[in-house]
Amino acid sequence: MEDALLIDWSRAQFALTALYHWLFVPLTLGLAFIIAIMETIYVKTGNVVWKEITKFWMTLFAINFAIGLATGIIMEFEFGTNWSNYSWIVGDIFGAPLAIEGLMAFFMESTFFAVMFFGWEKVSKKMHLLSTWLVAIGSNLSALWILVANGWMQHPVGMEFNVDTARFEMANFWDVLFNPNAYSKFLHTIGSGYVMGSLFVVGISAWYLLKGRDVVKAKKSIVVGATFGLITSVFLIVSGDESAHEVALNQPTKLAAMEGLYDGHGRVGIVAVGQLNSDKEIGDKSEEFAWSLEVPYALSFLGFHDMNAFVPGINDLVYGNEAESIESAKSKIEKGKVAIEALKTYKEAKKSGDEAKAQTALETFRTHENYFGYGYLKDEKEIIPPVALTFYSFHIMVGLGSWFFLLFFVILYLSMVNKLDGKKMLLRLAVFSIPLGYIAGETGWIVAEVGRQPWVIQDMLPVGMATSNVSVTAVQTTFWLFAIIFTVLMIAEIKIMLTQIKNGMEAH
Amino acid sequence: MFEDLELLRLQQYWWFIVSLLGGFFAFMMFIQGGQTLLGRLGKTEEEKNVIIASLGRKWELSFTSLVMFGGALFAAFPLFYAVSFGGAYYVWMAILFCFIIQAISYEYRKKPNNFLGQRTYEVFLYINGSLGIFLIGVALATLYTGGNFIKNEMNFSSWTTETYGLEALLNPFNLSFGLVVFFLARVGASLYFMNNLDHENILKRARVQLKTDALLFLAFFLLMLAMLFLMSGLAYNSEGFFMVEHKFFFNLIETPLLLISFIMGVGLVLYGIYTALFKASTNAVWFNGIGTIITVTTLLSLIGFNQTSIYPSLSDIDSSLTIVNSSGSHYTLVAMSYVSLMVPFILGYIFVVWKSMDQTKITSQEIEADAHHY
């Protein structure tokens, strides 16, 4: 009971800090490039209006950037404080991208950030522009290394288990770096940041147009924001497709939960909208959905690039499917237990100097090592993540992503033909789409992280094995401490941001 | 190049890199020191704005140095990272909390409608500069004095006290180490202001403040050093762990390179203080800063070399950590060693940017004219 509570509170604390952090990071990723583009126009044209526009968005960027740093520092150290077993078991692989992130990205960001904000009169125009671009590149490099680390957790490659140190060790750095899962996640994640930045610029500029204030600057901002948004929303959709393809190949339980698919078959469609049957249990014969609208063949095609492809469902993955050569979770758990026992025997034999016994145990371990993590699961149904949360989060994310593309397209078109004035409903929709961008980003991460439960490392290490051995009270204390401080800081951030926006672009 | 090095050499190389990062972070702590002097050196709103502007252009480098220090420990010594952070839970969480509240304070302090009020953000900066820095000192001191942890055959660790690291505050050496770091940061801050500001009133007060802080720094430094050289340290060989009297003193004199660098580092720190106090030098921060980097790097290196434990266990001596039993694999250390070759490049661009931004000293007029001043 105590262990289960500790796992839940550790999960809750990480989820809390990650969700807060992700409220601020996407805007940094996207707005940094939009500002760099605006400043480039200023340097190219010499038009001071563009300088004023750049400075206005830069002020909002700084307010957001500060709280992004505040919520970010805890993330790195939480791997140690709350997931110390994880830090040991995979630290040999996972620690490297985090350290490289600090070296390559953080120093670049923090050094050139000072020039970007305080260097207008101290360095040349070109040096200043270069600094702005380097801040944008630095923040995106940071995302790259974090997603290399996260991608590895979703699809572990380039490593081997060392029985003597009892941990996973890196065997090929390039495999870790060029992990296809990491790249699809990186591209999709930065894409969502770019779209968020665009929604922010377009939405706030739309508010100015609705109020009839700073019209010229707002229109110019809209053109940049909507152009960037349209291009990057296409990029977001394409990278999302690739990301889902990777999920189909490597994380079948996540895919099944994303689509609420219980019984696998060929030619599977995608549920465009639907309501899950809340009484549905794994293994029963009840309907999967209360109602749904489906796009035929789409899941088979998008997941496996084949209209006829078989897509395994939750029941296939739990109970196995001989016809499709899918092993049951029960069988995997049994093999996992054999691996754990063999490792234990190996270590005891080594300690007592019985080399022959150690060798036999090692061979048994190597035969079953791919199931090692399964050995720590108690029940076969544990391999399935929370279906409803994953399903609805995924569909909200996809629906909103499609809406953003449409919004940017219409706004850009109307801007180009100079017919945006008076389109009050559209402008209001643009304003209300700002919070939708945050919702889309958060739901995306819920799909990625909740969808891979119970694994902290897919198929290798369950979350329950990864926590620190601290008391529940200690984690509860820090959970509430962070919940309070992050909420207070977020309120401060929103109030400051809204005041700056209300003060208008002229103030800058 | 690095592939040919033995694992032990790579472990030593990485302990040196970690020590160097610790040294760089200690130098950058002048930011925190400055934050604690805000009310003492800045008596008017205008003076406070000048001080905040001066620190605000550098604060992220100290923040990044801390993150980098943690990242390097994670990558190179994952077992140390797991045992210390996962065990001394309350201490590390308190440190992190102090840095969370720093990160927003510069930007939000003067912004209209900032919810908590200017004074609260200044208190946040003070907490970061005092408690945050003091606790980092205490946490680093436990590398010499040890922690209450045990680990099993799978290297899963657990802490044996319910206070999760706070008990370190009862150890006099840990406390004096924390106070040394605190006063060193304040000395560094006064020297930095002398170099960075053109403001008569602030500089006049900084010179007075420097005398007090330098005296307290020296007193605690000598106390800490005496305790360090007198204390026993945990050593190891192929048989296991054992205590050695005056271990750190012998580590220093048995390793001439460390002895020379220690004397050089302390000499530069003291020379920096001397030139600022008696020669009115504005460049003392560089002597003091380089001296700080060298001294702290040496003090941290003392633990990693000469078969010394980098984290003794007070609960089970056999659970103690060394650079050998807590490091990453040969492959990872090699890969990370290539990455470490970027360090001179990074230091290079930091130097260039710092120089170009600090060509002229900060004045009140400049701050008033800057729409985006903190």
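Predicted model: local features only at pLDDT ≥ 70, side-chain atom pairs only at ≥ 80, totals over all residues.
Me: Is helix 8 of chain A mostly covered or exposed, and what lies over it?

Reply: Mostly covered: 8 of the 8 residues in this helix, 252-259, are buried. Among them are A:Lys254 and A:Glu259, along with A:Leu255 and A:Met258. The cover includes helix 7, strand 4, helix 9, helix 10, helix 13 and helix 14 of chain A.

Me: Now the packing between chains. How do helix 3 of chain A and helix 15 of chain B run relative to each other?

Reply: In general, you describe two packed helices by the angle between their axes and the distance between the axes. Here the axes come within 11 Å and cross at roughly 10°. Helix 3 of chain A and helix 15 of chain B are therefore roughly parallel.

Me: Which residues make that contact?

Reply: Chain A brings residues including A:Leu103, A:Phe107 and A:Phe118, while chain B brings B:Tyr349 and B:Met357, among others. By class, the contact has 11 nonpolar residues, 1 polar and no charged ones.

Me: And how is chain A divided into domains?

Reply: Domain 1 covers 2-251 + 386-507, and domain 2 covers 268-295 + 312-384. Their C-alpha centres lie 33 Å apart. The contact between them takes 14 residues from each of the two domains. On the domain 1 side, helix 13 of chain A gives the largest share, 4 residues. By class, that side has 11 nonpolar, 2 polar and 1 charged residues.

Key: Residues numbered from 1 in each chain as written. Chains lettered and ligands numbered in written order. Axes fitted to C-alpha atoms, helices over the stretch in contact; angles between N-to-C directions. Helix = DSSP H or I, 4+ residues; strand = E, 2+ residues; numbered from the N terminus. Parallel < 35°, antiparallel > 145°, perpendicular 65-115°, else oblique. Contact = placed C-beta atoms within 7 Å. Nonpolar A, V, L, I, M, F, W, Y, C, P; charged D, E, K, R; others polar. Buried ≥ 20, exposed ≤ 12 C-beta atoms within 10 Å, placed from the backbone. Domains from an automatic or database assignment.
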